[in-house]
Amino acid sequence: MAAPRLAPPRPARIPVGVALGILTAVVEAVFLVLSAVAVAGAALVPPARRRVRTAVQRYATTLTGWERDRLARFHRVALPPGAAARRQLGYLAARLLPGALGLLAYGVLAFGVVLASIVVRATLRGDLGVTDALLQVVVGAALLLVNVQAVVSVAALDVRLARRLLGPNARALLEERVRELAASRAGVIAAVDAERQRIERDLHDGLQQRLVALGMLLGRARRSKDAERTAALLAQAHADAQQAVAELREVAWRVYPSALDNADLGQVLEMVAQRSAVPVRVRCDLPVRPQRQVETVLYFVACEALTNAAKHAAATLITIEIDSGEGRVRMTVHDDGVGGADPAGRGLSGLARRVAALDGRLRVDSPPGGPTIVSVELPCG
């Protein structure tokens, strides 16, 4: 399984992590020496080989767990557990290099501190002139910067070794990708089936009932002998027919937003905003129009968010912002309603599956009391 990326580490934690890495490297060096001796001794006693191998693997797993905790706490690197025993032993052996380099860097730093204290005492006693003192300060500051860079480089090497030797290999990454694609495909199928059921329900409960009522109105108008009543019934039938056409257009747009054929996403959402019962502000800043499937998913997410805000959130203003950068397009739908939206609900969960099918991410932040923020990020390259 791919390791999740954590937030960047705080600069103050890096030197602490390197210092602890020196201590763990000493423990690991002792462990590797003792393990080599134990394995060599067990070769002379065949019955003990299995017990020695098991003990070595157990302690290697424990030490590797310490390193995972240290890297996660001080370097903000999350590594998945379950690496093979050989990879763990290889990592512990490779860890000796950043441990030795870290010890060297801190040794040079300690030596520099001693020299700095000597220069300070000499300056205070008057044994060192002002010019020489300033020169020593400049040289010391330059060496300090080099030393700090050395510590940072040791931390980077430590992290790189851990990711290389404890992280998932190419086969594991490929298997994880296959599982993600299988899950997203199943999610898309489920989302399409749910949308079909929703459209069928809307057609049956809404449009079909309206058409039945329209037929009844026309039948009453046909049988009526009163001209005024007939005209009233025909006027009502005409209004119901217009409403039926509007509902049919809404259903058709949920199947396929044909307006995107002739207009971009921002213009289409402006049209949707004009029909919304809640005031909507749309800001679309896309220098390059994204792919059609990306626009379609963003359209459906925006429409679902608008519907939820109007029906359930009692919102008075909805804001839609769309921009792009670093090969991704981002959309945020913000409403000032009462919050409490359920990301596991049928509508939002179906949208999350659609977004995941395009390697995107959908996030719903809707605490009780509001506001509700629906964020979508999709690759646009």
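I started with E321, which is partly exposed at a relative accessible area of 36%. My cut-offs for that: buried is under 20% relative accessible area, exposed is over 50%, and partly exposed is in between, with a 1.4 Å probe and protein chains only.

A note on what I have here: this is a predicted model, so I took local features only at pLDDT of at least 70 and side-chain atom pairs only at pLDDT 80 or more, while totals for chains, interfaces and linings use all residues. Residues are numbered from 1 along each chain as its sequence is written, and side-chain values use heavy atoms, with hydrogens and water left out.

**Salt bridges**

What does the side chain of E321 meet in a salt bridge? I found R283, at 3.8 Å, N to O. (A salt bridge here is a side-chain nitrogen of Lys or Arg within 4 Å of a carboxyl oxygen of Asp or Glu.) E321 sits in strand 2 (residues 318-325) and R283 in strand 1 (residues 280-285), so this pair ties together parts that are 38 residues apart in sequence. I take helices as DSSP runs of H or I with at least four residues and strands as runs of E with at least two, numbered from the N terminus. R283 is also partly exposed, at 39%.

I counted 10 salt bridges in the structure. One of them joins R289 and E295 at 2.9 Å, N to O. Is E295 buried or exposed? E295 is buried, with a relative accessible area of 2%, while R289 is partly exposed at 42%.

Next I looked at R361 and E377, whose side chains meet in a salt bridge at 3.2 Å, N to O. This pair links distant parts of the chain, with R361 in strand 4 (residues 361-365) and E377 in strand 5 (residues 372-379), 16 residues apart. R361 counts as exposed, at 52% relative accessibility.

I also noted a network of salt bridges that links E28, E67, R70, R95 and D158.

**Cavity and pocket**

R95 and D158 came up again when I listed the lining of the largest cavity, along with V18, G21, I22, P98, G99, G102 and V154. Helix 1 (13-43), helix 4 (96-125) and helix 5 (130-166) are the elements that give two or more residues to that lining. (On a 1 Å grid over the protein atoms alone, a cavity is a set of points where a 1.4 Å probe fits but cannot get out; a pocket is an open set with protein on both sides within 12 Å along at least five of seven lines; lining residues have an atom within 4 Å of a point.) A volume is the space filled by probe spheres set on the points, which are joined across faces, edges and corners. By class, the cavity lining is four nonpolar, three polar and two charged.

The second largest pocket has a volume of about 470 Å³. Of its 18 lining residues, G112, L115, A116, G140 and L143 are the closest to the centre. Helix 4 and helix 5 each supply at least two residues of this lining. I sorted the lining into 14 nonpolar, four polar and no charged residues. (Ala, Val, Leu, Ile, Met, Phe, Trp, Tyr, Cys and Pro count as nonpolar; Asp, Glu, Lys and Arg as charged; the others, Gly among them, as polar.)
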